[in-house]
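Please walk through the following model with an eye to how its parts meet one another.

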Protein chains: 2
Amino acid sequence: MRAEMTPREGLRCGLRERKKRRTHDALIRAALELCTQQGYDRTTIDEIAEAVDVSQRTFFRYFTTKEDVVFAVQEIVEARFLEALRARPAAEPPLEALRNAVLLAWDDLGQVIESIIPVELHMRTYQMIESTPALVAAHLRRSSELEELIATVIAGREGLDVATDPRPRIVVAAFSGVMRLAGRLWGEAGECSVESIRATTEQHLDGIIPAIAGEWRKTTPQRDHASKPPHA
Amino acid sequence: MRAEMTPREGLRCGLRERKKRRTHDALIRAALELCTQQGYDRTTIDEIAEAVDVSQRTFFRYFTTKEDVVFAVQEIVEARFLEALRARPAAEPPLEALRNAVLLAWDDLGQVIESIIPVELHMRTYQMIESTPALVAAHLRRSSELEELIATVIAGREGLDVATDPRPRIVVAAFSGVMRLAGRLWGEAGECSVESIRATTEQHLDGIIPAIAGEWRKTTPQRDHASKPPHA
DNA sequence: TTGTCAACTGTCAGTCACTGACATTAATGT
DNA sequence: ACATTAATGTCAGTGACTGACAGTTGACAA
């Protein structure tokens, strides 16, 4: 009985494992498809289970809550980000490493999740999350748990201990806050492409230092919003 | 039918209003007392309603969700903070204004909420929130809504528009992230006093700029954790 | 004071997320 | 082929929350 399940293991396993993985992914697909179409709270677990032709009870054996299935894919993306962060050269200062890791994670997001759901569905899911209060709450809580992991990685890079030095947690807190802001603005903009969220993310991350430094009245915003950069 | 209710209105009103306010406050007190004692999810709405001697249905006429009653007092504190922020001299740069406003808000917190519940109960509530996943989620969501208001105030101070300039939202995002971090660490520390949370808050806010600036290896942490400043 | 109106409340039935217990089915190793 | 074990289905139950309707009680005018 393991709720956790590294997506790319269980390849050399028996029929039982394959079947499990199939229903697992089918539940995700059905849930996201239904929820993005009719709305999260207008979609019942019974509907999702019925779409995959399993009992409601079985759904709850794969996902402990209704929210869980929505974030199943996010989990993979997060793992990817952490991986990218750990791979960053030690010379980069913390905020820069975070920035580069997250941009890299966006870049090869497609390959990672396409085997489970279409990327377009994942993007729609992201927007649904941002527009559903209950999911926003869950998303924020998950993010704050992720922050703890990130802070530990940053502390490791700098040879510090999160228990005695508050700085890792502080940068990560600032970083995560800005990440969420970017995600939210992207969701509101209605643009559904991976490029646009990448661009929004980059733009806001690069705005952190100037914004924190203060002295706004004597400087101009670090990016001109009227002239958007071309999508890479 | 108004769920919102400025706490200090309804003084010159009739018996009906007074009665309503009494049950409203009684529900808050009962809920917080029960939840902090036996835990949030081991406390049912029926229990709370029964403690105040009203029906479960009546509870839901005062608070739309079980979470709402937990955050009823927080709402007052938040309003207080916004008020303090608006009163900050225009000369202060954004982050400094935020810092000073939040510290002021902590200072006269006692007077504001003592009429509803004992401050000590409010502090215990804060810790309960931080140690209850469902409440952490709700708290984060509420905070993110508050962020939007704060960003507007900051933008107003600087003569900017949040729709065109991302900097207000960025500072606020960083600020809120750090605020939450401070609150969480305070909760884990077990210290239940107002002074200790004030001190933790101040310390972490003052760490933002140095932490963001990077170059950690060439500098020392801006505060020594071994020698705590005396409680004011 | 009394009667009418509107607001507040209680009761009841129902939905939905979620859980424990137990029986059933199906894959696995021998 | 058979015993073992994991996956699933069924069922009953809890707790948060909602709509509908009926009963009560303050407010206010006659």
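**Protein and DNA**

An N or O atom in the side chain of R57(A) lies 2.8 Å from a base oxygen of DNA strand C, a polar contact in the sense used here, namely a pair of N or O atoms within 3.5 Å, where within protein one must be able to donate a hydrogen and the other to accept it, and residues adjacent in sequence count only if both atoms are side-chain atoms. This is a predicted model, in which local features need pLDDT of at least 70 and side-chain atom pairs count only at pLDDT 80 or more, while totals for chains, interfaces and linings use all residues. Residues are numbered from 1 along each chain as its sequence is written, chains are lettered from A and ligands numbered from 1 in the order in which they are written, and side-chain values use heavy atoms, with hydrogens and water left out.

Of the atoms of DNA strand C that come within 4 Å of the protein, sugar and phosphate account for 54%. The surface near DNA strand C draws at least two residues from each of α1 and α3 of chain A and α1 and α3 of chain B, where helices (H or I, at least four residues) and strands (E, at least two) are DSSP runs numbered from the N terminus. By class, that surface has five nonpolar, eight polar and ten charged residues, with Ala, Val, Leu, Ile, Met, Phe, Trp, Tyr, Cys and Pro taken as nonpolar, Asp, Glu, Lys and Arg as charged, and the others, Gly among them, as polar.

Sugar or phosphate supplies 55% of the atoms of DNA strand D within 4 Å of the protein, and the rest belong to bases. Phosphate oxygens of DNA strand D lie 2.2 Å from a polar side-chain atom of T58(A), 3.0 Å from a polar side-chain atom of Y62(A) and 2.6 Å from a polar backbone atom of K66(B). The elements that give two or more residues to the surface near DNA strand D are α1 (15–38) and α3 (56–62) of chain A, together with α1 (15–38) and α3 (56–62) of chain B. This surface divides into five nonpolar, nine polar and ten charged residues.

**Where the two chains meet**

What is the count of salt bridges between chain B and chain A? There are two salt bridges between these chains, a salt bridge being a side-chain nitrogen of Lys or Arg within 4 Å of a carboxyl oxygen of Asp or Glu. In the pair E148(B) and R184(A), which forms a salt bridge, the closest N and O atoms are 3.0 Å apart. The elements that give two or more residues to the side of chain B that touches chain A are α5 (94–107), α8 (133–158), α9 (167–189) and α11 (208–213) of chain B. Among these, α9(B) gives the largest share, 13 residues. The residues on that side comprise 25 nonpolar, eight polar and ten charged.

Taken as a whole, 43 residues of chain B are in contact with 43 residues of chain A, contact meaning heavy atoms within 4.5 Å. The area buried between chain B and chain A is about 3,700 Å², with carbon and sulfur atoms giving 69% of it; buried area is the accessible area (1.4 Å probe) that two parts lose on being put together, summed over both.

**Single residues**

S144(B) has its place in helix α8 of chain B, and, leaving aside neighbours within four places in sequence, S144(B) is in contact with L140(A) and R180(A). S144(B) counts as buried because its relative accessibility is 10%, where buried means under 20% relative accessible area, exposed over 50%, and partly exposed in between (1.4 Å probe, protein chains only).

E47(B), in helix α2 (residues 45–52) of chain B, has a relative accessibility of 28% and therefore counts as partly exposed. Not counting residues up to four places away in sequence, E47(B) touches L34(B), Q38(B) and R42(B).

D53(A) is found in the loop between α2 (45–52) and α3 of chain A, and its phi is near 65°, a positive value in a residue other than glycine. D53(A) counts as exposed because its relative accessibility is 68%.

Key:
Near = heavy atom within 4 Å.
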